[in-house]
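Reader: I am new to this structure. Please take one chain, look at it closely, and then follow it to whatever it touches.

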Amino acid sequence: MFKKILIANRGEIAVRILRACRELSIRTAAVFSDADRGALHVRLADEAYPIGPAPSRESYLSIDKLMDVSRRAGCDALHPGYGFLAENPALPRACKDAGVTFIGPPAEAMEAMGSKTAGKQLARRADVPTVPGTSEAIDNPEEVQALARSMGYPVVLKAIAGGGGKGMRVVDNDSEFTAAWRDAASEALNAFGDPRMFLEKYLLKPRHIEIQVFADAHGRVVSLGERECSVQRRHQKVIEEAPSPVVTPDLRRRMGDAAVRLARAGGYVNAGTVEFLVDAQLNFYFLEVNTRLQVEHPVTEQVTGLDLVKLQIAIAAGHRLPFAWESIAPRGHAMELRLYAEDPDNNFFPCPGKILARNAPTGPGVRLDEGVYEGYTVPLEYDPLLSKLIAWGNSREETISRLRRALDEYTITGIRTNVSLFRRILGEAEFLTSNIHTNWLDELLARPHPPAEAPRAGTEEAALLAAALWSSRKPDSSAGGRPGSEMDQMSEWKRDGRRQQLDRMP
Amino acid sequence: MKFEIQLEGVSGKTKRVVQLEKHGKGYRILLDGRQVDADAVQVAPYTISVLLGGQSFEVHISDAPDGRLNLQIGVHEFMAEVVDPRAWRGRKHGPLEAAGRQQIIAPMPGKVIRMLVKLGDAVEAKQGLAVIEAMKMQNEIRSPKSGKVERVLVEEGQNVSAGEVLCIVT
């Protein structure tokens, strides 16, 4: 087994990986940019090394700096997490040159499957159904527009190197095409350093269902079942669950077989996800392969009882997958909410800032994967994901009740979060019956907000009393003194004397 | 200690008077001059637990940038302006802009990727004015009203901080 793993990422996923390493008694080396000196992954890691300025292109995306840290710290393996360099074949190549094991697929498998067009070609060869569209990148917008016209709108533009909804635009008609192309290409260039795009027919009201696959280096490939990720806002997953409420054991087997076939055809090793769009008749179409660990991997962990990160490390170390997993079936139900520092009342603008108070939910069936803490300042340079709230139970209903309960317990103040979005979704009849598709949330958000529930009797009075108590703790309310700082250090005697003096004033 | 508090919540604004009188280890609390069966304890730096006639409330509190207090109780949010008789001055804030003339501000720090309008353009309500990139996501800033672009204060490619005025629509 490995002695020391370099974690080439930040935030909650860096924390997730180092937790797995610690359970395996493997030492961890974290890296951080100037904006992340106080980040949780730096605090929890055994070792941590600076890799440059806040912009990710000069830090988390710098292969040279990562390799330099790996050499200096004496790491024998590297975990890329998700995002950043996780799907860039140059990283496994650099690792190979440096004699460091890359915990993920080989560069060749990334190239054969990772880009959306290559994945599609491979899917056709592996007899996996695909959505109509171009299978190659086209640089010329006029050519793409002509194709879109002949295919018929709506169409969707996607960055070749894309993921997470970045560099992706749905085009409803011909007049929107030019602006959509420009926005998507510039976003793709910024996020992935690659502006190339491809075009696909846009399916109406599809569900997004993906299969988690694992492959060892000895030729065994298994499916760990599906995740339903149809609740998306502007193509970003917001809620994920396993199993999917619409997937039957037969469909699960057929989708799993297709995903395994594809992974085999691509010479895949380690954890990967094959994403499908599923229409109302439960036909499934290959969408893309994510050649890495997914953000939403915890829901699969909760229904299979497996630790996917430890499994990734074991496979990278050359271990075999057991035969028995070829017929793994989900147990119970799990669901994940992605909590972001963004303001749902203001078009979901990112709201970085300092977290003043934070109460984390605990108790039966609740898991919180996060990279933040009370007093932490969420930097504006990176993705504003704060935490992933995961709950599981015997049924979908029990899981949803647990999430509602956990949301009631969960408080983060000082910054805006999208918690209210989840309260709304978890109360929607269509969500509760899982009558949803990938545009469902965007449509829901376009409808007027339901009137806010009236606060229970006494709420306003409680706010008034709290405001008074808070103000009484300030040495002079107009000077804006901060309770909990100098006032706490002042002697009770002095404080009370001062209070009495002040009370004599009119 | 006596506080005059203007509270703003979902059901509108109210003005109430809260008195805290030292009583043993805690306070005797009066609301609009009448004693209430209540107990308020600061349980964490920004959290106050209030028991009111047996009902338990957890209040999360912090100072808002405009000098008021932000209070969160479960899903409900309030803003409170506290006038302390001890203070020499109150904290009254009028509306920041004249009706009709709208300053379009950057809601958060980021980079102006594209200006979609120029000086003198006629705009419709909800029409895009600028595209700002923040945290790798591009966001369109839309006009709150239909009118005319009176001024443009930023250029494409410029970095802006939260609250910076991008343009003015009249």
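Author: Of the 170 residues in chain B, 32% are buried. A residue is called buried if 20 or more other C-beta atoms lie within 10 Å of its own, exposed if 12 or fewer do, and partly exposed in between, with C-beta atoms placed from the backbone. The model is a predicted one, in which local features need pLDDT of at least 70 and side-chain atom pairs count only at pLDDT 80 or more, while totals for chains, interfaces and linings use all residues. Residues are numbered from 1 along each chain as its sequence is written, and chains are lettered from A and ligands numbered from 1 in the order in which they are written.

Chain B has 17 strands and zero helices. Helices (H or I, at least four residues) and strands (E, at least two) are DSSP runs, numbered from the N terminus. The C-alpha trace of chain B spans about 65 × 35 × 30 Å along its principal axes. Its radius of gyration is 22 Å, whereas a compact globule of 170 residues would have a value near 15 Å. That radius is taken over C-alpha atoms, and the globule rule is 2.2 Å times the number of residues to the power 0.38.

Two residues are in contact if their C-beta atoms, placed from the backbone, lie within 7 Å. Among the contacts in chain B with a separation of 6 or more, 39% are between residues 24 or more positions apart. Q102(B) belongs to strand 10 (residues 102-105) of chain B. With 17 other C-beta atoms within 10 Å, Q102(B) is partly exposed.

Next comes the contact with the neighbouring chain. Chain B gives 56 residues to the contact and chain A gives 48. On the chain B side, strand 7 (residues 55-63) supplies the largest share, seven residues. Sorted by class, this side of chain B has 37 nonpolar, twelve polar and seven charged residues. Here Ala, Val, Leu, Ile, Met, Phe, Trp, Tyr, Cys and Pro count as nonpolar, Asp, Glu, Lys and Arg as charged, and the others, Gly among them, as polar.

One residue of chain A shows the contact in detail. A466(A) touches A40(B), I48(B), V50(B), V59(B), I61(B) and L71(B), leaving aside residues up to four places away in sequence. A466(A) is also, with A463(A), L465(A) and A467(A), among the residues that touch the most other members of the largest nonpolar core, which has 195 residues. Helix 16 (residues 459-472) of chain A provides the largest share of this core, nine residues. A nonpolar core is a set of buried Ala, Val, Leu, Ile, Met, Phe, Trp, Tyr and Cys residues joined through C-beta atoms within 7 Å. In soluble globular proteins, nonpolar side chains tend to be buried together.

Chain A has 18 helices and 22 strands, and 51% of its 506 residues are buried. Along the principal axes, the C-alpha trace of chain A spans about 85 × 55 × 50 Å. Of the contacts in chain A between residues at least 6 apart in sequence, 65% join residues at least 24 apart.

Just after helix 4, G99(A) has a positive phi of about 75°.

Two loops of chain A hold a cis peptide bond. The bond from Y153(A) to P154(A) is cis, with omega near 0°, and P154(A) is in the loop between helix 7 (141-151) and strand 6 (155-163). The bond joining A242(A) and P243(A) is cis too, with omega about -5°, and P243(A) is in the loop between strand 11 (236-242) and helix 9 (249-265).
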